[in-house]
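Take a moment with the sequence and the fold before reading on.

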Amino acid sequence: MKDFETECIERYFLGPGSAGPIGSVYVADQDLLDIFGVSDLDEARRMLIRSLPHIDILKARLSGDIAPRKGNAPDYVRILVFLCWMQTTDTRVPGDRDFRDDLLGKQLNEYFTGASMNGLDLMWKHLRDFLRTDHSIELVLPETVPAHINRIGRTLQMAFPTWRHKVELRRARDLIPAEQLLEPLTVTNKIQTSKMRSDTMQSFVYNFAKFEVARRRGVREYMETPFWKAWYSIVAEQAALEEIEIAESAFGEHEMFRVSPLGERVAIFTPEDALRYIPKPIGKLVRNGIVFLDSLGFGKYRAMASPSNILLMKRSKLTGDSLEAVRSVAGLNGEWVVARFRNRIEGQTQPVGSSREFGWRDGIRVGGAYLGRTPLAPVISGPLPASMRVERNGKPIAMDQHESGLAFPAGVHTGLFVARSLRETREILLVPRANEVGEMRRLAFDHTREISEDEFHHGTVPEVVSTIEDWHGTRTPPCDELLTIAEALYERTARGLSFSEAIEIILRGLPQGDRPSEWDILRSFADAGWLEMTLLRHYPVRRILQNPLAYELAGKDLVRINGPVPFAVAERIKAAAGASGAVVEVWNGMSEWALPRYAVRCADERIRGEFILRMSITPLPTPQGARSDVPDTDGVHGYTAIGKLEEERGFFSVRFDGVESDGLYRLERKESRNPFLYRSVIAGKPAQNYVSPSVAILAHHLRACGALFLHERGFLIPNRSRVLLPSAWARWASDRILCNPAPILSEGVWRYQYAVGGSSLSSIARLVPVAEQTGAATTRWIDRFISSASNRGRAIHDSRSRSTRLTRRIAGKR
């Protein structure tokens, strides 16, 4: 598996090696789940073993009979990664310590007693020479190797955390008071003053040093280090330290997770599912049916023991006098709700948030720096706000007051900044834009582990044409807030991003006051081709991936750029075009919240070829013709309905009466990790199932008949709540006129709209019902033309109303 070999080199050596010498290899179980795109660790283990060479070749590699040749690229790194993983995996049976029989033999179901391991050092040394020569990366191999393990000693020492390391961590844990087990300074002091019980601890020392560097940098970077993850796993053996977190989802309801101190989130259906993992005071509240919630902002809440006026409570307790004090109630499931009360709960006022440690927070990481574009630039906060100040080049700068500390004033900030509070300092480096994402770093869409939000519409277009058509609407440059959000999303989606985190970034980047919906902004990035919104096949979670940069030929002299174009990519396009003699065209959208389109005008084929060669981009895949619907009428055995679409408001309500009545239902299969199903039930028609919520809503309204979109003066406007074109169709319509869709403020209301040309409108209307918006000034003979049955399905441009008009359909026909 060449791809897996490349992934191992990039993930475990090239990536860490860019920050300094490598002294250890940390292969987490979660890495295998991510690499192989599965959710079951045992399945990932089997796939890892299948990636290894045949057992005879593997034995020859291990014995040294097949040795790496000097000057050749390594083709054995997956073997070393496997050997490091098998020593540290959570699936390892306690007490199994013999390298050949207990570990290697049981993993491969093969006999290795007394087998020679001369090849291990040969592979490590060849890899060290390769990294130094080809990549200028230093791989530090252990020098102290005890005689009794001289053949496997380096392999034992490079892995982390092995059973030897866990023994040391348990000794340190037993000496620390329970309330300080997750205090990083206390852990540091205890480790530094402890005597190691072994002289073969290179990887322990290496990972502890990485943890120390991250801890000194401030904020919570240390929580991402292998040492802290290993420490937390040891602490978690004795203590329940996880938290319950609730987040608002895309359709108005709430989702619940249990979150470890490392930030790992596991979806749960009820608070009772977390009783084993949460502290006893929170568990007692769960059993009583009333849990206090602390607002974390951006639609997120965390369970706490202190009184609050935001509660997670059982629906049965929301009765009597308590209803009079309720400000709002949102369903979590059939038994629990999230309730907001006006002022007080049982005589208590909402407490002031607890003080936070001094440090920079809430920034968008860009390599070793942070994005310096407000309002997404980091915020400095601490327990003593009055003592905090920020300097640049030794001179203090004015900072704005923020709810959690001090924020940078509006604008773009670059350079090294130092925050001071009493005797403490925290440095941070700000940069003005995101780094360009290379193909090796970008996590690509894989249909074997993800389902596109477009579902069966993915990769389809209303008509397989690539020509440009005219559109005479007004174009507006994008606003600064949208460009800032674009840079942040581009940087954060390189390796995939959860749906809720993307919404949080957008909410922080939006201005105060009248503004479009954060859901519409995120959708505009998908419709512009920047992002691919997906659903995991083995878990009911939505994930956002970044699309690759590609090109498409439109006519003889125009090259359309498809995919994300942040500042770094735009500059590279302009440089490549200038060097090849081409001209870059920037086409703005129909509102300040629309992302611009980029195209390159080439005088001849030679210039076009040179530009494509300089950019090193691939052509856009050939699309397929679209269909209105692809029915799936299978049964839903084992699934239960947990929500019904409220068609007027466009979200799934947890209160509904059975599944016999017409409607779109959200189904869940308990005791499984399957994604949700959406079942459209319409009288007189067979029920149909969908996986994507947006496709399900579109298809359900399509099955119910009636116009789903209105056309007015070159704009296509949804006529039903939450009804949207598939992103693949929206990208196609944008390609035709080089104008991305976006929310527009019209008559005091923000509405998501698509700019369409006459030919595009005709093609879309063959798939979904489109009606003409009434009330506009029109030409009489055109009115007669579009009312004629013989002209049904044709489009014509009305110069008086400045719009392309489509002949009306007969109700119920397609």
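In which loop does Leu 422 lie? Leu 422 sits in the loop between strand 19 (415-421) and strand 20 (424-431). The model is a predicted one.

**Backbone exceptions**

Most residues other than glycine have a negative phi, and most peptide bonds are trans. Leu 422 is not a glycine, yet its phi is positive, about 55°. Leu 422 is also exposed, with a relative accessible area of 65%. Ser 136, in the loop between helix 7 and helix 8, has a positive phi as well, near 55°. Ser 136 counts as exposed because its relative accessibility is 68%, and the cut-off for that class is over 50%.

| Cis bond | Omega | Loop holding the proline |
|---|---|---|
| Phe 160 to Pro 161 | near -5° | between helix 8 (153-158) and helix 9 (163-174) |
| Thr 374 to Pro 375 | about 5° | between strand 13 (369-371) and strand 14 (379-381) |

**Nonpolar cores**

In soluble globular proteins, nonpolar side chains tend to be buried together. Here the largest nonpolar core holds 53 residues. Which of them touch the most other members? They are Leu 489, Leu 522, Phe 525, Ile 561, Val 600 and Phe 611. Several elements each supply at least two residues of this core, including helix 14 (480-492), helix 16 (518-527), strand 27 (558-562) and helix 18 (605-615). A second, separate core has 51 residues, among them Ile 79, Phe 130, Ile 149 and Met 158.

Beyond its neighbours within four places in sequence, Ile 561 is in contact with residues including Leu 549, Ile 573, Tyr 598, Val 600 and Phe 611.

Helix 4 (residues 55-63) has buried residues of its own: Leu 58, Ala 60, Arg 61, Leu 62 and Ser 63. Their cover includes helix 5 (77-88), helix 6 (99-108) and helix 7 (118-135).

**A cavity and a pocket**

Rolling a probe the size of a water molecule over the atoms shows where empty space is left. How many cavities of 30 Å³ or more are there? The count is 1. The volume of this largest cavity is about 40 Å³. Its lining divides into 5 nonpolar, 1 polar and 3 charged residues. Helix 19 (residues 693-703) gives the largest share, 3 residues. Glu 453, Asp 454 and Arg 523 are among the lining residues.

Is Glu 453 buried or exposed? Glu 453 is buried, because its relative accessible area is 3%, and buried means under 20%. Its place is the loop between strand 21 (450-452) and strand 22 (460-461). The side chain of Glu 453 makes a polar contact with the side chain of Arg 542, at 3.0 Å.

Helix 20 contributes the largest share, 6 residues. By class, the lining has 21 nonpolar, 14 polar and 11 charged residues.

Key
Residues are numbered from 1 along each chain as its sequence is written. This is a predicted model: local features need pLDDT of at least 70, side-chain atom pairs count only at pLDDT 80 or more; totals for chains, interfaces and linings use all residues. Side-chain values use heavy atoms; hydrogens and water are left out. On a 1 Å grid over the protein atoms alone, a cavity is a set of points where a 1.4 Å probe fits but cannot get out, and a pocket is an open set with protein on both sides within 12 Å along at least five of seven lines; lining residues have an atom within 4 Å of a point. Grid points are joined across faces, edges and corners, and a volume is the space filled by probe spheres set on the points. Helices (H or I, at least four residues) and strands (E, at least two) are DSSP runs, numbered from the N terminus. Ala, Val, Leu, Ile, Met, Phe, Trp, Tyr, Cys and Pro count as nonpolar, Asp, Glu, Lys and Arg as charged, and the others, Gly among them, as polar. Buried means under 20% relative accessible area, exposed over 50%, partly exposed in between (1.4 Å probe, protein chains only). A polar contact is a pair of N or O atoms within 3.5 Å; within protein, one must be able to donate a hydrogen and the other to accept it, and residues adjacent in sequence count only if both atoms are side-chain atoms. Contact means heavy atoms within 4.5 Å. A nonpolar core is a set of buried Ala, Val, Leu, Ile, Met, Phe, Trp, Tyr and Cys residues joined through side-chain atoms within 4.5 Å.
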